[in-house]
Amino acid sequence: MRESNFVTKTIAIVAFLAVMVYFATRLGGYLVDPLTTTAAYYYESDDAVTVSGYVIRQEELLPDHSGLVYSTRQEGERVGKGRSVATVYHSEAALSDAKQLEILEERLEQLQYAQSAASGAQAVLKLDNSIRGGIFALKGSVAQGNLTAASQESGALQTLVLKRDYTYRGTDELEEQITALEAEIRTLRISAQAGSSAITAPRSGYYASVVDGYETVLTPAILEDLTPSKLRAVSPDPGAVSSVGKLIIGNTWYYAAPVSSAAVKDLREGQEVTLRFASGLDRDITMVVHSLCREENGEQVLILESDSFLSITTLLRRQNAQLIFHAYGGIRVPKSALRVVTDTVPGAEGEEDQEVRVTAVYCRVGRMAQLKPVRVVYEGEDYYLVSPDPEALGVNLNAQQLELFSIRSGDEIIVTANNLYNGKVIG
C-alpha cells in the first residue's frame, strides 16, 4: 500500500513539473519573441462635432375640426391645392359606414378582376408573381420593424390572395354577385357622404399629421437674427393645435443648432457639409451652410439648408445630430503595428535586391513575415486608417508582387514581434 502511494505521488509530481516546464518554455518564448497578431479590416471614421438643434420649415396648420378625423394622405405625401387631405365623420355610425363601404369596394374590385382573369392563364400567372413579391415585401418590413409598411403590405397581400381565390372558383354567378354588390355600394355611399365632410388643402404642400406647437414659432423668418440664447429659449405655442395636421409649404427646410465658434471657424456660406441625425432618419444628408449667426459667448448658430428629403423629415423637430466635416475610410491597424522600416525587397527581373525605407506594416503570410507598405489616411486615438501603397517601394513590381505587397481586409497584421524583416520565418 505504501509503495503504491509513493508511485502515485511521484507520478503527480512529475506531471506537475512537466506542465510547469511547458508553460515556462512558452513564456520564455514569448519574452524572447512576443508575437501577437490582429485581423485587418475596413473601417470608416469621421471628423465630426455633435450638435443639438431644431428642424425649421414654413408650415401652415389645417383647420381644427371636432368629430372623428380620418386622414386620407400618407405622411409626407405631396397634396395639391383643393385636394382632400382628411375626412371628418360626424358620428361613429358614419365612420362605420365608411369602413364598410371601403370593404365592399375592395370586394367589388376582387370580383371584377376575377371575372376578367378567370379565362386568362397569363393574368393568373402575373397574379401569382405579385403574391410572391408581396410576401417578400411583407417579410422585409417585419424584419426591419416597419409596422406601418407591414400593415399596408399585409392588406395589399390579402387583396391579391382573395383575387386569386376568386379566379379558381370560376365565373358562375359572378355577374349576379357584382350587380348586387354595386347596388349595395350605391346605397351605402349616399349614407356615408351624408355623415361626413372632406377637408381640403388651402394650398399645395406636403402633408404632416403631427402638430407640435412649433409651427408658428420656428419659421424661416426667425433665422434673420438668431442667437444661441434665442434658439435655446424657444418653446411651443400652446395655441397652435389641429386634430387634422398641417401642410409644409415649399421644398426648402433648415436645421439650426448652437455650436462652438472654434468648431465651425473654417465653414463658409454655400459650403456643403454632411449631417447625420441621431434618430428618426437612417441616412446621412448633404446640406449647405445657409449662414452663421453672430457670435455670442464663444458660440454661433449654424444654419444648414436643404431642398431634399423634405417628405421623409416631416416628423423631425428637435434633433441631436453629428456635423461631419470629413469622412475617411481605410484598413484599420493598431498604432503599434505601424512601422517606418528599412528593409530589402526583390528588384526588377535581372536586378539585385534593393534596400528601401517605407512606412509599412508586417503581415503574417503562411509562416513568413510579409512587408506591406501603406499610406496613412486618418489617425484615431489608438489606430490608423491606411491604404495600400506598394508604389512607395520605388521598384518595378509585376501584378503578383503588387498583390503580395498590398494590404487587404482579412490580412493577419503582426502587432508585436522582435527583429522583423521581409521574409522572416515566424512561429
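Modeller: The largest cavity has a volume of about 40 Å³. A cavity here is a set of points, on a 1 Å grid over the protein atoms alone, where a 1.4 Å probe fits but cannot get out. Points are joined across faces, edges and corners, and the volume is the space filled by probe spheres set on them. A search of the whole structure finds 1 cavity of 30 Å³ or more.

Before going on, please keep in mind that this is a predicted model, in which local features need pLDDT of at least 70, side-chain atom pairs count only at pLDDT 80 or more, and totals for chains, interfaces and linings use all residues. Residues are numbered from 1 along each chain as its sequence is written, and side-chain values use heavy atoms, with hydrogens and water left out.

The largest cavity is lined by V51, Y255, A257, L275, L302, L304 and L323, where a lining residue has an atom within 4 Å of a point. The elements giving two or more residues to this lining are β8 (246-260) and β11 (299-306); strands are DSSP runs of E with at least two residues, numbered from the N terminus. By residue class, the lining has 7 nonpolar, no polar and no charged members. In this scheme Ala, Val, Leu, Ile, Met, Phe, Trp, Tyr, Cys and Pro are nonpolar, Asp, Glu, Lys and Arg are charged, and the others, Gly among them, are polar.

Because 11 of its 15 residues are buried, β8 is largely enclosed by the rest of the structure; buried means under 20% relative accessible area, with a 1.4 Å probe and protein chains only. β8 and β11 run antiparallel and are joined by 8 bridges, with V259 opposite Q300 in β11. Two strands pair if DSSP finds at least two bridges between them. β8 also pairs in the antiparallel sense with strand β2 (residues 41-61), over 7 bridges, and there K246 in β8 is the bridge partner of L61. Strand β7 (residues 205-208) pairs with β8 in the antiparallel sense too, over 3 bridges, and Y207 stands opposite L247.

One last stop is S291, in strand β10 (residues 285-292). S291 is buried, with a relative accessible area of 13%. Leaving aside neighbours within four places in sequence, S291 is in contact (heavy atoms within 4.5 Å) with E269, V301, L302 and I303.

How values were computed. Helix = DSSP H or I, 4+ residues; strand = E, 2+ residues; numbered from the N terminus. Buried < 20%, exposed > 50% of the residue type's maximum accessible area, 1.4 Å probe, protein only. 1 Å grid on protein atoms, 1.4 Å probe; cavity = no way out; pocket = protein on both sides within 12 Å on 5 of 7 lines; lining within 4 Å.
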